[in-house]
Amino acid sequence: MKHRVKLRVNGQDFEVLVKAKTTLVDLLRDELGLTGTNKGCGTGECGACTVLMNGSAVNSCLVLAVDADGAEITTIEGLAHEGHLDPLQQAFVDQGAIQCGFCTPGMILVAKDFLEKNPHPKDEDYQTAISGNLCRCTGYIKIVKAIKKVAESER
Amino acid sequence: MSDKKRYTNIGQSIPKLDAVEKATGKAVYPQDIKLPGMLCGKILWSKHPHAEILEIDPNEAEKLPGVKAVITAKDMAPTRLGFAQDNPPLKGDRVRSLRDEVAAVAAVDEDTAEQALEMIKVKYKPLPAVFDPEEAMRDGAPQIHAKAEGNRNKLHYAFEEGDVKAAKAESDVVIKHRFKLPWVKHCCLAPHSCVASWDENGKLTMYSPTQVPFLYQRDLAKVLQIPPSLIRVIQPKIGGAFGGKLDLYPNEVICAVLAKKAGQPVKLTYTREEEFKCPPSRQTVIVDFEMGAKKDGTLTFRDVFSILDNGAYTSWGATIPYVMMHPVTSLYKCKNIRFDTAIIYTNNMYSGAMRGYGNPQGTFVVERMMDILAEKLGMDALELRLKNCNQPHEVTPQGLKVTTCGLRECLETVAERLDWKNKRRRPQKGTLRRGVGLASYFHVGGGARVYRSDGCGAIVKVDDYGHVTLITGSTEIGTGTETVLAQITAEELGVRAEDITVINNDTSIKPWDVGIHASRTTFIAGNAARQAAAKVKVKILKTASELLGESEDDLEINDRKVYSKKNSAKTLEIGKVIRRAHFREHGQTFMAEAFYDPPTEMEDKDCRGNISMTYGFGTQGAEVEVDTETGQVRILKMVTANDVGRAINPMLLEGQLEGGLSMGIGYALLEKLVVEKGEVLNPSFLDYKIPTVKDMPPSEIVLVETDDPAGPYGAKGIAESGTIPTAAAIGNAVANALGFHLFELPLHPEVVLKSIKDHQVKGD
């Protein structure tokens, strides 16, 4: 049996039929073609599939699509506006925070949520904010630097 | 460096060329590819670590609606994979490990494919299995491959130089220890995924994250028994590699065979659990190490025997002693060396290459032994290293010809920044104990001739508008090579890196390259790109000389314009030169190719030969705090100084070193595949810990530029080096804090705590 899910993704309304067990990450990737959301483990351990759901960062592999009914979702494809990168995207690019790039969308979105809720973070806050998102390439140093850059420029 | 100022592109920290598409979610990884009619592929794994296969019955599975193909060994020619040709992509008569491929399915969706796997009936006759390489070497152990007597892989790496016996007799101090290193995993953030698609003419397109597209094409053709010219390999964005994509693996062959049988494209993506269990891992190694010195610290000999768990089949894991040997023979000066190995088949998952190849393992044992030796000599560990330090223009016992060498500067810089003089003290008392340690590396920095060719091709095209395309044989796996190659090409041509489009991901377009491994791409592909650019530049200057009426020698290209060195008013934009030459009688276009294959040697059967044009050196230092009540090791600070030749792009270079550091910290403190009776018990990021941001200490990175004469603009390769000495530096710091030595990795709290308790019992 399939279930009807209505949700708003990156400002656009969608209505999708899904199986009860379909997760939000699979809905985004397979049904809506939003493959910027990467699936690194499917079990909520790596953070690569992070999206914003009603303004908060979630592992989209741990959210059932039916539970996203009525939700507002922002994926990495929804961050840039009119050809301008979001300041976090720009900072990740400029600071060398991207290597293979597979963790990048999740990392940027978790940082987005973090800075919105915590506009004046202390040094240790950065580490806590992204500690659920794994990166195997960068050693995180330039990722933290990029997020800090944005926080400081918005001060 | 004085000439640094005149460069426009070299030494600039420009962002990665593909960073924006990765930051916006537009980058396409293999898992993102969707072709019309594409099916989902799944593999049925063995139920036993060692068994005869009596029967495979796929009939029920084939009848399930939505299933388009089920394959077993019967659907393939009896071909085998790997360096020793011992690994059938699908196992027909025998399984030798739990990650063995028994059958595979292509279906309309994942659910159907999984359901079909459950419907394939396999009858096994279990056989006795062996999981410990030392047990596998004993008489009467279950034999895993008929031809491998005593389970010994016929690959054997042995080296001998000087007279170890005499040197031992003449030594004032001799130490001997056994080390044990763990199975570890690459943990690329993207699980392995590939797509196979056949056309009506029998041509196969593979979308693969391979690091070696041309060797892959050759090997895949051989196993599918079709000409290589029928295979096109397209490399989408690669979500991490680290040596884990250096071979052709069964899943990619299976994907191609499924697609052929189904007559539809197939995508085969591993789950994270499969990613932990199935692709080859860095294997466990047991090392017996004996080493001696004179009273004054002069090293006298090193005698090393290693036992490697090869697992059930032979991939590149079996060849890691080739590189493990380098630090043993060549890191610090030592004239008398013996190195020997036993590479042993077991019923564990098979072993593969990983960042640094055997060097992190080799460096760990060499550098831990250096510290223990210093202690026995009553000598400062830094002083011992400086006394035996490598030097420029030295030839090491294996015949490796050092050109530039910044090791002394690296050692001194790290010691200074660690405050070695004050912090390297006698072990402390109390609950929280601090210590410092350091370790260096010696690694290939100018390619590595491990195949008959270590070459890379490049084509540079300049179009009518002055836009440049570099078509390089090399591959981008996230390390930033395409950006660095654009910078090198731009510098040579007198344009800007942003003027360059790099094409590097399609075997039907790009020229041959051996692959991205051995930290070789900046050096080898960089020299190739530079040579091709130089050839185009000659053509441009020749035409410009006709147009401007100036001698070619008096012309230069800078900032996208040809100008006369004598009369700066005489200039022409590159695009204009090209258009003039193009739209005239006997017109021409501007393109050139180069193939750079360095004049190096393959090592001979005795492991001698200069395999690289230059060698990279560096030192890492760690300050740690050990909690003696919990066994927890906290890193307070890491410092690393690296002889990089020349930093083409300091930001991306630092990124490699920082990433390497984090992988090294994982090796030192966190990572271990727990393998019991051939089964990986921790196949998830919850149970197999890689460093998170919280595991990263404050780190200082120092670049030492030695301007290597053979490197493109002086650069050496560095992508692996950041991870090589980390575990040794941390291990040495922990020993300094505790006052005794641990001989295994990782330094998990329970390991450290047990060791503390053992020493307390002994009254140390």
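Reader: What domains does the assignment give for chain A?
Author: Domain 1 covers 2-78 and domain 2 covers 87-153. Such bounds come from an automatic or database domain assignment. This is a predicted model: local features need pLDDT of at least 70, side-chain atom pairs count only at pLDDT 80 or more, and totals for chains, interfaces and linings use all residues. Residues are numbered from 1 along each chain as its sequence is written, while chains are lettered from A and ligands numbered from 1 in the order in which they are written.

Reader: How many residues of domain 1 of chain A are in contact with domain 2 of chain A?
Author: 14 residues of domain 1 of chain A are in contact with 12 residues of domain 2 of chain A. Contact here means that the C-beta atoms, placed from the backbone, lie within 7 Å.

Reader: Which elements give two or more residues to that side of domain 1 of chain A?
Author: Strand S3 (50-53) and strand S4 (56-59) of chain A. S3(A) gives the most, with three residues. Strands (E, at least two residues) and helices (H or I, at least four) are DSSP runs, numbered from the N terminus.

Reader: And how do the residues of that side divide by class?
Author: Seven nonpolar, seven polar and no charged. Nonpolar means Ala, Val, Leu, Ile, Met, Phe, Trp, Tyr, Cys and Pro; charged means Asp, Glu, Lys and Arg; the others, Gly among them, count as polar.

Reader: New topic. How many residues does the contact take from chain A and from chain B?
Author: 43 residues from chain A and 42 residues from chain B. H2(A) has the largest share of the chain A side, four residues. By class, the side of chain A that touches chain B has 21 nonpolar, 16 polar and six charged residues.

Reader: What about chain B, which domains does the assignment give there?
Author: Domain 1 is 33-127 + 189-240 + 245-277, domain 2 is 285-448 + 603-762, and domain 3 is 455-596. The C-alpha centres of domain 1 and domain 2 of chain B lie 37 Å apart. Their contact takes 17 residues from domain 1 of chain B and 21 residues from domain 2 of chain B.

Reader: Back to chain A. Where is A:Glu31 found?
Author: In helix H1 (residues 24-31) of chain A.

Reader: Why does A:Glu31 count as partly exposed?
Author: Because A:Glu31 has 15 C-beta neighbours inside 10 Å. A residue is buried with 20 or more other C-beta atoms within 10 Å of its own, exposed with 12 or fewer, and partly exposed in between; C-beta atoms are placed from the backbone.

Key
Two residues are in contact if their C-beta atoms, placed from the backbone, lie within 7 Å.
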